[in-house]
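Dear colleague,

Please find below the structure that I am handing over to you.

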Amino acid sequence: MIFFFWFTVVCVLFNCAVSAIPKPDEKRVLDNDHLSHAKHYDNEEHNKQYDHEAFLGEDEAKTFDELTPEESRRRLGIIVDKIDENKDSLINLSELKNWIQFTQRRYLEEDVDRQWRQHNVNNSDQVHWESYRKSVYGFMDEMDPKDLDKEGDTFSYKAMLTRDRRRWSVADRDGDDNLTKKEFAEFLHPEDNPRMRDIVVAETIEDIDKDNDGKLSVDEYIGDMFRGSEDGEEEPDWVKNERETFLNFRDKDKDGFMNMEEVKDWIIPPDFDHAEAEARHLIYEADSNTDEMLTKDEIMDKYDLFVGSQATDFGEALNRHDEF
């Protein structure tokens, strides 16, 4: 989710947005990352913020947060008309799925474009590793080596650099240490390219594997989602359910651990379309007459589901709606 702990730190501290690993307390299913950076579930409850961002797109949400409810409703009506591809005044599953995929692709393309410009000041066809390293990690050259090893919130600068270097090498198809824009996109968002996904699985294991044995125990798996209560209260039901999920479904060979393939099945579930699943969820929640399609009135009646009283990534999108 993802996409995102390591590189979120870099973004905040050094104005860089290389991010593909979700925060440790978030669900880690890869395809969720571009639908929303919000948790899909808040404990056992479906998180409306996830729906907002999946429907609207994350960047535009920041602008939409500042709109009045009246203005956000007006703009929601505009975007519903955009989603209705065949202009029959009904939003079907395919149209809603296409819209969610559109917001996902737009986020990826804009993020890659922005960072490509940031790290390619000479507007060349490729970016060299050393140029990228200096841009993102150049501050390390002036730091005391002892400070580079210090860990806070489970990261160190050297570990971040090592992880980036490894990912860069995997994205570099011809091994010349330069990345084309396409390769750079794979470096930034490896979860979006099948040939890069093994590196994200390895990074996920490294994030959660506290004893560094290369596999995940049930306690490490739970610890990634639940920190425990300070007063020693009993675990909530959703945590107990996750323990059962680990034992019955995650640990396929029943050896008490999740290996790399089992982690891959967890964060990259085969034959599961997250955009379609989210579209089905939105239709289920808003479809008052149960015809499995949505009218504009049904969507407006569920305004809080789609954009909320503090809607998310939508305002900027509607400011440029002629591009859709």
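**Findings: surroundings of E262**

Apart from its neighbours within four places in sequence, E262 has contacts with R250, D251, K252, D253 and F257, where contact means heavy atoms within 4.5 Å. E262 lies in helix 13, residues 260-267; helices (H or I, at least four residues) and strands (E, at least two) are DSSP runs, numbered from the N terminus. E262 counts as buried because its relative accessibility is 5%. Buried means under 20% relative accessible area, exposed over 50%, and partly exposed in between, with a 1.4 Å probe and protein chains only. Between the C-alpha atoms of E262 and R250, which are twelve residues apart along the chain, the separation is 6.3 Å.

**Basis of the model**

This is a predicted model, in which local features need pLDDT of at least 70 and side-chain atom pairs count only at pLDDT 80 or more, while totals for chains, interfaces and linings use all residues. Residues are numbered from 1 along each chain as its sequence is written, and side-chain values use heavy atoms, with hydrogens and water left out.

**The protein as a whole**

The protein has 17 helices and six strands. Of its 324 residues, 48% are buried. Its accessible surface is about 16100 Å², and carbon and sulfur atoms account for 46% of that surface; the areas come from the Shrake-Rupley method with a 1.4 Å probe, and for residues only the protein chains shown count as cover.

**F246**

F246 belongs to helix 12, residues 237-250. With a relative accessible area of 0%, F246 is buried. Beyond its neighbours within four places in sequence, F246 is in contact with L216, S217, V218, Y221, D251, G256, F257 and M258. F257 is eleven residues from F246 in sequence, and their C-alpha atoms are 8.8 Å apart.

**Helix 5 and helix 14**

Two packed helices are described by the angle between their axes and the distance between the axes. Helix 5 (residues 93-119) packs against helix 14 (residues 274-286) at an angle of about 125°, and their axes are 9 Å apart. Helix 5 is therefore oblique to helix 14. Axes are lines fitted to C-alpha atoms, for helices over the stretch in contact, and angles run from 0 to 180 degrees between N-to-C directions. Angles under 35 degrees count as roughly parallel, over 145 as roughly antiparallel, 65 to 115 as roughly perpendicular and the rest as oblique.

The residues that make this contact are L93, L96, K97, I100 and Q101 of helix 5, together with A275, E276, E278, A279, R280, L282 and I283 of helix 14.

**Helix 5 and helix 9**

How do the axes of helix 5 and helix 9 cross, and within what distance do they come? The axes cross at roughly 110° and come within 10 Å, helix 9 being residues 181-188. Helix 5 and helix 9 are therefore roughly perpendicular to each other. On the side of helix 5, D111, V112, D113, Q115, W116 and H119 make the contact, and on that of helix 9, K181, F184, A185 and L188.

In helix 9, the buried residues are E183, F184, E186, F187 and L188. These buried residues pack against helix 5, helix 6 (129-137), helix 8 (157-171) and strand 4 (178-180). K181, also in helix 9, is partly exposed because its relative accessibility is 35%. Leaving aside neighbours within four places in sequence, K181 has contacts with V112, D113, W116 and D125. K181 and D113 are 68 residues apart along the chain, with their C-alpha atoms separated by 8.7 Å.

Yours sincerely
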